[in-house]
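Subject: Handover of a two-chain model

Dear colleague,

Please find below the structure that I am handing over to you.

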Amino acid sequence: MGRLSVSLCGIELDNPVIPASGTFGYGHEFAALYDINCLGSFSFKGTTLQPRFGNPVPRIAEGNAGMLNAVGLQNPGVDAVISRELPKLREVFHKPVIANVSGFSVDEYAQVCAKLDGEEQVGWLEVNISCPNVHGGGMSFGTDPKSAAEVTRAVRAVAKKPVLVKLSPNVTDIVAIAKACEDAGADGLSLINTVMALRIDLKTRRPVLANVTGGLSGPAVFPLALRMVWQVSQAVKIPVVGLGGVSSAEDVIEMLLAGATAVQVGAVNLKNPFVCKEIIEKLPAVMDRYGIENIQDIIGGAHG
Amino acid sequence: MKQGLFTIVENTPLNARYARLVLAGDGSAITAPGQFASLSLPGFFLRRPFSVCDWDAEAMTLVYESAGRGTALLRSLPEGMALDVLSGLGNGFDLSRAGDEPLLVGGGSGASPLLGLCRRLLSEGKRPRVILGFGTREDVILTGDFLALGVSPTVTTEDGSFGIRGFVTAAMELPHSFFYTCGPEAMMRAVARRSPTGGQLSFDARMGCGFGACMGCTRMTVDGPKRVCKDGPVFDKEAIVWDD
């Protein structure tokens, strides 16, 4: 165990830094820039049963200290991910990867998870019940404790790998959803997905995004994410992966202090493609500055 | 693709609408005309992508339109300031398909990447012809730069205040071996329809990352969904699926 290592659902990570789903593709664009084996892991692009084109463009807008996306789960479908993307991914990444899964029915989540669960390189399944940019699926499962539990149970029943359920912040009581997922057998939780948001073009007087609304991410949402990680990690016994606006080594430490076991880095990858590598390289010096010997010792440390 | 610091050595208006930005820095990542660079601007989360107009090993020139808050800020940035730039983004134009007399058709700021393309076609012994279309006389840019290369561009303006009245297609009677075009989609579509030859079209898109990670700028093609930033911005005429 190195001083940066943490354990997530029984799998050791060299460090707690994980690029978040949807900001890292299947790793290739970044593997061309640096050796991505320095990462703790990464969560690949959200995968559904069928190929999806996603939403019409524009899919991207900007906010102060952040961005909105309404990509709408563009992906080639689980069979193409397994036959085409995972073999290529194995060439550039030699650690367990997080398979991010989305769906439009409980059965679809279970089918996709069952397929990916059998893939050797998949370390964890991350069940996205929180995509705000698709209609009739995604977030509609993650805003009600009963349906969140139903998806969790269905996936848990077919999977051997640890199941992380990725939660939406677009709810009144995220703790109730988190507990429902824990009770239904989730091995861990990832939070938060993006915050539903809107921009309007002053020239056209119409929404910027073709989908009208999009998910806000980036530094703007970090304090909100931190608060939710704080609340959820106190209420559940399973590990929490903290994400939402994490952009620096200091943010990683802060997320761990709030109760996260590992941290995902999302939107900032799109602005600075080297940011995850830079955060990992800076972590030891930042830990030294704050008197942290081993990073796993500070998980939940702010709870007193 | 490379990330690096570039220093502003020139940031001057060409007219009320367009400006020229010359950035000194390592241009070695740029491998083809039609590629773009993405600039991180102070106070904005997302980078701003711009076509490279021309470049060498030590500098690149961008021509940009003041279109929103980002480009308005860019206008105000002083010479000597350093900017974080991703360079060498996108595929760029394929010069091997040009034939002897390629036609280059640019609309508005779409004229920009055609200048670097024209220079390289000339260096390969080709005889490029250039048509540039603008709304009105006050918008006309880069004609002097093409003349300096020894190519006299045919200019069209929609209101007839300069050159030929009408759209670029009004000047498209020139015979040509292949076409390259960059500009508004309606213009490129008209060019592709009018031309009997093969061609390449360079698309603009609202991008998140600019290097293929976020799927923000996807466009459907006959070969399936493609990322304008990474698989493009240049696409073959035969691959385009037009929105109807």
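A residue is called buried here if 20 or more other C-beta atoms lie within 10 Å of its own, with C-beta atoms placed from the backbone. Please bear in mind throughout that this is a predicted model.

On that criterion, helix H2 of chain B, which covers residues 112-123, has these buried residues: B:Ser112, B:Pro113, B:Leu114, B:Leu115, B:Gly116, B:Leu117, B:Cys118 and B:Leu121. After H2(B) comes B:Gly125, with a positive phi near 85°.

Chain B as a whole

The secondary structure of chain B consists of four helices and 15 strands. Its radius of gyration is 17 Å, close to the 18 Å that the globule rule gives for 244 residues, so chain B is as compact as a globular protein of that length. The C-alpha trace of chain B spans about 45 × 40 × 35 Å along its principal axes. Of the 244 residues in chain B, 48% are buried. Where contacts in chain B link residues at least 6 apart in sequence, 61% of them join residues at least 24 apart.

The domains of chain B

The domain assignment divides chain B into domain 1 (2-89) and domain 2 (95-239). The C-alpha centres of these two domains of chain B are 20 Å apart. Across the boundary, 22 residues of domain 1 of chain B are in contact with 21 residues of domain 2 of chain B. On the domain 1 side, at least two residues each are supplied by strand E3 (36-40), strand E4 (48-55), strand E5 (59-65) and strand E6 (82-89) of chain B. The largest share of that side, six residues, comes from E4(B). By class, the side of domain 1 of chain B that touches domain 2 of chain B holds 14 nonpolar, four polar and four charged residues.

Chain A as a whole

Chain A contains ten helices and 15 strands. A compact globule with 304 residues would have a radius of gyration near 19 Å, and the 18 Å of chain A agrees with this. Along its principal axes, the C-alpha trace of chain A spans about 50 × 50 × 40 Å. Buried residues account for 57% of the 304 residues in chain A. Among contacts in chain A with a separation of 6 or more, 72% are between residues 24 or more positions apart.

Helix H10 of chain A

Helix H10 of chain A (residues 275-289) has 15 residues, which at 1.5 Å a residue should span 21 Å; its end C-alpha atoms lie 20 Å apart, which agrees. H10(A) has a kink of about 40° at A:Leu283, shortly before the proline A:Pro284. A:Leu283 is also one of the buried residues of H10(A), the others being A:Val275, A:Cys276, A:Ile279, A:Ile280 and A:Met287. An α-helix has 3.6 residues a turn, so residues three or four places apart point the same way. The buried residues of H10(A) pack against strand E3 (17-19), helix H8 (249-258), strand E15 (262-265) and helix H9 (268-271) of chain A. H10(A) is followed by A:Gly291, whose phi is positive, near 70°.

The contact between the chains

The contact between the chains takes 24 residues from chain A and 21 residues from chain B. On the side of chain B that touches chain A, 13 residues are nonpolar, six are polar and two are charged.

With kind regards

Terms used: Residues numbered from 1 in each chain as written. Chains lettered and ligands numbered in written order. Predicted model: local features only at pLDDT ≥ 70, side-chain atom pairs only at ≥ 80, totals over all residues. Contact = placed C-beta atoms within 7 Å. Nonpolar A, V, L, I, M, F, W, Y, C, P; charged D, E, K, R; others polar. Buried ≥ 20, exposed ≤ 12 C-beta atoms within 10 Å, placed from the backbone. Rg over C-alpha atoms; globule rule 2.2 N^0.38 Å. Expected span 1.5 Å × (residues − 1). Bend = angle between axes of the 7 residues up to and from the residue. Domains from an automatic or database assignment.
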